[in-house]
Amino acid sequence: MMNMNSIFTIVSIILAILAFVLLYRVFKGPNVIDRVLAADSIDIILGIIMILFGAVEDRAMYLALGLIVTLLGFIGNVLISTYLEGEL
């Protein structure tokens, strides 16, 4: 039976691979909107990894940091979107 650390390692590797695929989209995206969404998705993946690490290590600090990273990524996404619409 697998323990929590090995499950965290497997999930983190899968999420890191997905983040590298999204990095390709950030640099070679067909337009700006795709690049912004890919960067926001990478922020969300980073926040998920931090939250999972906090759950495995029983530390609430990583939960708070993961939520802050995700929230700042969302705010950045909203600001860039309003700038691209021409309202900012």
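I took the expected span of a helix as 1.5 Å times one less than its number of residues. Helices here are DSSP runs of H or I with at least four residues, strands are runs of E with at least two, and both are numbered from the N terminus.

**Basis of the entries**

I note that the model is predicted, that local features need pLDDT of at least 70 and side-chain atom pairs pLDDT 80 or more, while totals for chains, interfaces and linings use all residues. Residues are numbered from 1 along each chain as its sequence is written, and side-chain values use heavy atoms, with hydrogens and water left out.

**Entry: helix α1**

I then listed the buried residues of α1, which are Phe 8, Ser 12, Leu 15 and Ala 19. For accessibility I used a 1.4 Å probe on protein chains only: buried is under 20% relative accessible area, exposed is over 50%, and partly exposed is in between. The buried residues of α1 pack against α2, where contact means heavy atoms within 4.5 Å.

I looked at Ser 12 individually. Ser 12 sits in helix α1 and has a relative accessible area of 14%, so it is buried. What lies 2.8 Å from a polar atom of the Ser 12 side chain? I found the backbone oxygen of Phe 8 at that distance. A polar contact is a pair of N or O atoms within 3.5 Å; within protein, one must be able to donate a hydrogen and the other to accept it, and residues adjacent in sequence count only if both atoms are side-chain atoms.

Met 4 is in helix α1 and counts as exposed because its relative accessibility is 52%. Met 4 and Val 56 are 52 residues apart in sequence, yet their C-alpha atoms are 6.6 Å apart in space. Val 11, likewise in helix α1, counts as partly exposed because its relative accessibility is 30%. Its C-alpha atom is separated by 9.0 Å from that of Leu 52, 41 residues away along the chain.

**Entry: helix α2**

I recorded α2 as residues 32–57, which makes 26 residues. From first C-alpha to last, α2 reaches 38 Å, close to the 38 Å expected. Which residues of α2 are buried? I found Val 36, Ala 38, Asp 40, Ile 45, Gly 47, Met 50, Gly 54 and Val 56. These buried residues pack against α1 (4–28) and α3 (60–85).

**Entry: the loop between α2 and α3**

I examined Asp 58, which is found in the loop between α2 and α3. Asp 58 has a positive phi of about 55° although it is not a glycine. At 71% relative accessibility, Asp 58 counts as exposed.

**Entry: α2 against α3**

I looked up how these two helices are arranged. α2 and α3 pack at an angle of about 170°, with their axes 7 Å apart. That makes α2 roughly antiparallel to α3. The residues of the contact between them divide into 17 nonpolar, 6 polar and 2 charged.

I record the terms here. Axes are lines fitted to C-alpha atoms, for helices over the stretch in contact, and angles run from 0 to 180 degrees between N-to-C directions. Angles under 35 degrees count as roughly parallel, over 145 as roughly antiparallel, 65 to 115 as roughly perpendicular and the rest as oblique. Ala, Val, Leu, Ile, Met, Phe, Trp, Tyr, Cys and Pro count as nonpolar, Asp, Glu, Lys and Arg as charged, and the others, Gly among them, as polar.

**Entry: helix α3**

I listed Gly 66, Gly 73 and Asn 77 as the buried residues of α3. What covers them includes α2.

Ala 60 and Leu 22 are 38 residues apart in sequence and 28 Å apart in space, C-alpha to C-alpha.

Leu 67 also lies in helix α3 and is partly exposed, with a relative accessible area of 49%. The C-alpha atoms of Leu 67 and Met 50, 17 residues apart along the chain, are separated by 8.6 Å. My last entry is Gly 86, which follows α3 and has a positive phi near 90°.
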